[in-house]
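Please take a moment with the sequence and the fold before reading on. The paragraphs below move from strand to strand.

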Amino acid sequence: MSPSGDFVAWIEDDGTGRPTGVHLIDFFSSRMSRIGLIAGNGRFPFLVLQGARSLGHDVTIVAIKEEAFRDLEGSASEARADFHWVSLGQLGTCIKILKAAGISQAVMAGQVKHVKIFSGIMPDRALLSVLTRLKARNTDALISAVAGVMREEGIELLDSTTFLHPLLARAGTLTERMPNEQEHEDFVFGYRMADAIAALDIGQTIAVKHKAVVAVEAMEGTDEVIGRAGHLAGPGVRVIKVAKPNQDMRFDVPVIGIATIQAMRLAGASALSVDAERTLVLDGEHVFASANDASIAIIGRARSDQRAE
């Protein structure tokens with residue numbers, strides 16, 4: 001279940017350009033009163049917490065020790081949300097906590113580094129049963145299987161943007177500067193490769209320069225790909241970040257933020273394309289302001305394929 005557009009939202013900042021909350025008022029809140037939040041790293045979980053609490057929902061947070069920011073616990077206390085730490089791999093414990101709280105709907109928010117998913121974790125019985133049934137250990141297969149186990153236990157994963165629709169990138173030019181002709185040509189050239197890589201669940205991001213693919217994301221993450229592209233090709237790299245075809249919005253949703261722009265500045269990257277309505281802009285308009293300061297062009301690509309439900 002996700003909002004159908006019957007809400008109003010605004011983003012508050014602390015006067016330093018840092019968002020402190022997402023405030024929403026809607027007409028569907030009576031349908032949900034208790035929400036689980038499974039938290040990885042980054043600001044994403046903080047915004048989901050604030051969005052859910054602003055609607056009056058009780059929130060129980062299960063934070064992954066190896067990933068979630070330590071100050072999430074303090075934010076949970078301020079928001080009067082129940083909070084629990086669990087180790088990566090403790091799926092059974094996560095499910096027990098959510099069921100004990102009477103939760104039937106949960107949101108996954110925040111990154112879990114892919115390399116950690118596949119190395120160095122101690123799976124409990126619940127996760128081990130998932131791993132032994134997998135035909136492939138890519139991210140989609142693993143998290144889809146986890147979602148299936150949670151559904152069997154009576155917990156449905158929601159669209160991870162449920163409380164953050166105002167932060168989804170819109171279509172069109174998002175910065176003061178439009179891509180120039182060369183940047184546009186590089187985007188057009190790169191979309192086919194980026195979409196193919198995303199469809200294969202390899203990564204969401206590629207870097208292109210002069211109609212040549214410079215770098216491809218795998219498990220390392222977007223910022224590392226941008227840095228590597230700048231090192232290999234120098235200034236003028238274009239970055240393309242895409243959603244998977246029929247992106248499952250419950251998990252692994254593309255995300256950009258101030259850190260993305262900072263990585264582009266350092267690499268000398270000149271333009272960024274993201275998929276409209278499928279990419280979260282975590283720092284809101286501050287991302288575009290930072291891009292404007294660096295003369296970086298950002299566009300939201302409209303997609304004709306539909307989200308997975």
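**Strands and their neighbours**

Arg-238 stands opposite Ala-271 in strand S13 (residues 271-275), and three bridges join this strand to S11, the two running parallel; strands pair if DSSP finds at least two bridges between them. The model is predicted, with local features needing pLDDT of at least 70 and side-chain atom pairs pLDDT 80 or more, while totals for chains, interfaces and linings use all residues. Residues are numbered from 1 along each chain as its sequence is written, and side-chain values use heavy atoms, leaving out hydrogens and water.

From strand S11 (residues 238-241), Arg-238 and Ile-240 point one way and Val-239 and Lys-241 the other, and all are buried, where buried means under 20% relative accessible area, exposed over 50%, and partly exposed in between, with a 1.4 Å probe and protein chains only. S11 also pairs with S9 in the antiparallel sense over four bridges, and within this pairing Ile-206 has Ile-240 as its bridge partner. Helices (H or I, at least four residues) and strands (E, at least two) are DSSP runs, numbered from the N terminus.

Strand S3 (residues 34-39) is largely enclosed by the rest of the structure, because five of its six residues are buried. S3 pairs with strand S4 (residues 58-64) in the parallel sense over six bridges, and Arg-34 stands opposite Asp-58 in S4. Four bridges join S3 to strand S6 (residues 105-109), the two running parallel, and the partner of Gly-36 in S6 is Ala-106.

Ile-202 lies in the loop between helix H7 (181-199) and strand S9 (205-209), and at 39% relative accessibility Ile-202 counts as partly exposed.
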